[in-house]
Amino acid sequence: MEVIIRPDAESAGLLVARIVATDLRANPHLVLGLATGRTMESVYRVLVRMHRKEGLDFSLCSTFNLDEYVGLAPEDSRCYRHYMNEHLFRHVNVDARNTHLPNGQAADLEAECRSYEAAIAKFGGIDCQLLGIGRAGHIGFNEPLSAFRSRTRVKTLAPLTLQQNAELFGGADRVPRRAITMGVGTILESRRCVMLATGADKAEIIAQAVEGPITAMISATALQLHARCTVVVDEAAANRLAGSEYYRRIFATEPEWEQFRNLE
Ligand code: GLP
């Protein structure tokens with residue numbers, strides 16, 4: 001794992017967007033794993049800007065989102081398909097046929113999960129997977145005790161997750177009880193993972209995810225097993241990390257990061 005600490009949320013989001021853009025330019029057929037949540041909004045804002053101003057080309061890439069609520073219609077403003085349309089898809093030249101989210105309204109949810117896994121495999125696997133982190137330490141909707149070998153499946157949401165998403169639904173009791181999510185095993189198979197976390201309320205869980213013991217209680221700790229995972233945080237979210245001086249030195253000196261040090 002590598003940890004990169006940026007001064008604020010905006011520059012952290014900018015760095016993640018630049019990483020994605022660099023991968024996309026190197027491989028126009030990139031298979032991009034996408035995440036939702038407030039944190040990711042800044043990444044998508046920058047990607048849209050790069051498309052408009054720098055001609056960043058999404059025409060050949062394909063996308064797979066981590067998760068989707070069960071039971072919401074695609075037009076529902078709270079579902080993740082709607083989020084992705086609003087924050088990214090309709091502003092860039094991605095081919096809608098190449099954008100994938102699990103269908104939370106499928107009559108047979110288990111079959112839907114199997115076909116989502118099959119679609120990822122058919123596209124050759126995910127090259128670069130974006131990840132946020134929930135306050136309970138989940139990636140996607142891999143709630144506490146998610147098996148590290150789990151595949152795309154239906155998960156029942158944990159109380160803390162319902163609470164965290166309550167605002168959007170007008171109360172925790174109105175949040176859908178279940179979601180389809182890529183499994184921890186699915187996520188670990190992507191060739192690269194980039195996690196973004198910002199703000200003081202993520203500081204404790206980021207310290208546990210990055211430096212704590214590996215445990216199925218916190219699915220983000222599984223990323224410690226990934227061969228190529230970059231965690232990007234702002235100062236506020238880095239606040240509880242024990243090794244921050246070391247992480248800063250790596251970012252400041254490793255040639256790999258040179259092109260990412262002074263971003264606009
Ligand atoms: C939801 C999503 C996660 C996301 C998390 C964090 O639970 N399923 O993929 O990482 O929210 O959201 P936020 O960025 O709003 O804190």
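Visitor: Why is Glu245 called exposed?

Guide: In this predicted model, Glu245 has a relative accessible area of 54%.

Visitor: What makes Glu245 and Arg248 a salt bridge?

Guide: Their closest N and O atoms are 3.4 Å apart. The cut-off is within 4 Å, so the pair counts. Both residues lie in helix α10 (residues 244-253), three residues apart, which means about one helical turn separates them.

Visitor: Is Arg248 buried, exposed or partly exposed, and why?

Guide: Arg248 is partly exposed: its relative accessible area is 28%. Buried means under 20% and exposed means over 50%, so 28% falls in between.

Visitor: How do you know that Asp201 and Arg135 form a salt bridge?

Guide: The closest N and O atoms are 3.9 Å apart, and the rule asks for within 4 Å, so the pair qualifies. This pair links distant parts of the chain, 66 residues apart: Asp201 is in the loop between β9 (192-197) and α8 (203-211), and Arg135 is in the loop between β6 (128-131) and β7 (153-156).

Visitor: Why is Asp201 called partly exposed?

Guide: Asp201 has a relative accessible area of 49%. Exposed needs over 50%, so Asp201 stays in the partly exposed class.

Visitor: What makes Arg25 and Glu54 a salt bridge?

Guide: Their closest N and O atoms are 3.1 Å apart, and this is within 4 Å, so the term applies. Arg25 sits in helix α1 (residues 9-26) and Glu54 in helix α2 (residues 41-54), 29 residues apart. Arg18 joins Arg25 and Glu54 in a network of salt bridges.

Key:
Residues numbered from 1 in each chain as written. Predicted model: local features only at pLDDT ≥ 70, side-chain atom pairs only at ≥ 80, totals over all residues. Heavy atoms only, no water. Salt bridge = Lys/Arg side-chain N within 4 Å of Asp/Glu carboxyl O. Helix = DSSP H or I, 4+ residues; strand = E, 2+ residues; numbered from the N terminus. Buried < 20%, exposed > 50% of the residue type's maximum accessible area, 1.4 Å probe, protein only.
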